[in-house]
Amino acid sequence: MSLGDDELARYARHLVLPEIGGAGQVRLKRARVAVIGAGGIGSPALQYLAAAGVGHLSVIDPDRVDASNLQRQTLFRTADIGIPKAGAAAEALAGLNPHVQVTAIERRIDAASAPGLLDGHDVVLDGTDNFATRLAVADAVLALRIPLVAAAVGRFEGQLGVFRGWEGDRPCYRCFVGENPQAHGGSCAEDGVLGALTGIMGSLAALEVIRAIVPFGEDSAGKLLIADTLSLRFRTLVLPKDPGCPACG
């Protein structure tokens, strides 16, 4: 696989980075990434992944664009209200980068469907806001040995983690959330969220997907980034592997 003239011009700022270069850009072109949820996190993440030249994006979202989404979901326009998010996302991304293939999957992912929908991808990004979906995705990618980038937001705080729980010294997502995942907060509809915060966390999630495909810098698996925009403070925690974890312990 090689890069055409338009791609060489389009990705010029990547190509001059020694950590990415031509070989890394080809790896991005070959990659398949699944993004669960085209919402506040998935929307900017999809834009940056498409712009970066990830060759195939699967957008999995059962919902339709609502007026309340437009405060933070920058992938959509007022004219998209009422249209399925996955399809609207695919159309917008095709306009952003014609070299990227986008598959729109307009269905809800659950424990039964997750393995089949996610198999064959190189990285999975989960930006959903309910734990039934998050745990179904986490369990599937752990079994499939696919790196998971999980991002969440609530009010003025965001969290971002990368999980490869099949590795002996790395935690899985269940190591992080413990026995009572619902204690980690409600949905954006219930609690509210600062729109620009979702753009920050979605962009960081896209960065971690790219890092998973073309490794650069320090390995972020097993770390949790916490963004507190009330105090403009970012913290990084090291997450231990839980030896008693029912999923990976």
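Start at Ser-220, in the loop between helix H10 (195-213) and strand E7 (223-228); helices (H or I, at least four residues) and strands (E, at least two) are DSSP runs, numbered from the N terminus. Before going on, some housekeeping: this is a predicted model, where local features need pLDDT of at least 70 and side-chain atom pairs count only at pLDDT 80 or more, while totals for chains, interfaces and linings use all residues. Residues are numbered from 1 along each chain as its sequence is written, and side-chain values use heavy atoms, with hydrogens and water left out.

Is Ser-220 buried or exposed? Ser-220 is buried, with a relative accessible area of 12%; buried means under 20%, exposed over 50% and partly exposed in between, with a 1.4 Å probe and protein chains only. Setting aside neighbours within four places in sequence, Ser-220 is in contact (heavy atoms within 4.5 Å) with Val-162, Glu-208 and Arg-211.

Two strands count as paired if DSSP finds at least two bridges between them. Asp-228 stands opposite Arg-233 in E8. The hairpin of E7 and E8 has four residues between the strands, and Leu-232 takes a positive phi near 50 degrees there.

Now look at strand E4 (residues 123-126). In a regular strand the side chains alternate between the two faces of the sheet. Both faces of E4 are covered, with Val-123 and Leu-125 buried on one side and Val-124 and Asp-126 buried on the other. Strand E1 (residues 32-36) pairs with E4 in the parallel sense over four bridges, and Val-33 stands opposite Val-123. E4 also pairs in the parallel sense with strand E5 (residues 148-154), over three bridges; here Asp-126 has Ala-150 as its bridge partner.

Val-33 leads us to the largest nonpolar core, where Val-33, Leu-46, Leu-49, Leu-57, Leu-125 and Ile-213 touch the most other members out of 43 residues. H10 gives the most to this core, with seven residues. A nonpolar core here is a set of buried Ala, Val, Leu, Ile, Met, Phe, Trp, Tyr and Cys residues joined through side-chain atoms within 4.5 Å. A second, separate core of 25 residues includes Ala-34, Val-137, Val-141 and Leu-224.

Helix H4 (residues 42-52) is mostly covered, with eight of its eleven residues buried. Among them are Leu-46, Leu-49 and Ala-52. Gly-53, which follows H4, has a positive phi near 95 degrees.

H4 and H10 come together again in the second largest pocket, as the elements that give two or more residues to its lining. H10 has the largest share, four residues. The lining includes Tyr-48, Ala-51, Ser-203 and Ile-210.

Finally, what lines the largest cavity? Its lining includes Ala-138, Val-141, Phe-163, Arg-164 and Trp-166, and helix H7 (residues 131-144) gives the largest share, three residues. On a 1 Å grid over the protein atoms alone, a cavity is a set of points where a 1.4 Å probe fits but cannot get out, and a pocket is an open set with protein on both sides within 12 Å along at least five of seven lines; lining residues have an atom within 4 Å of a point.
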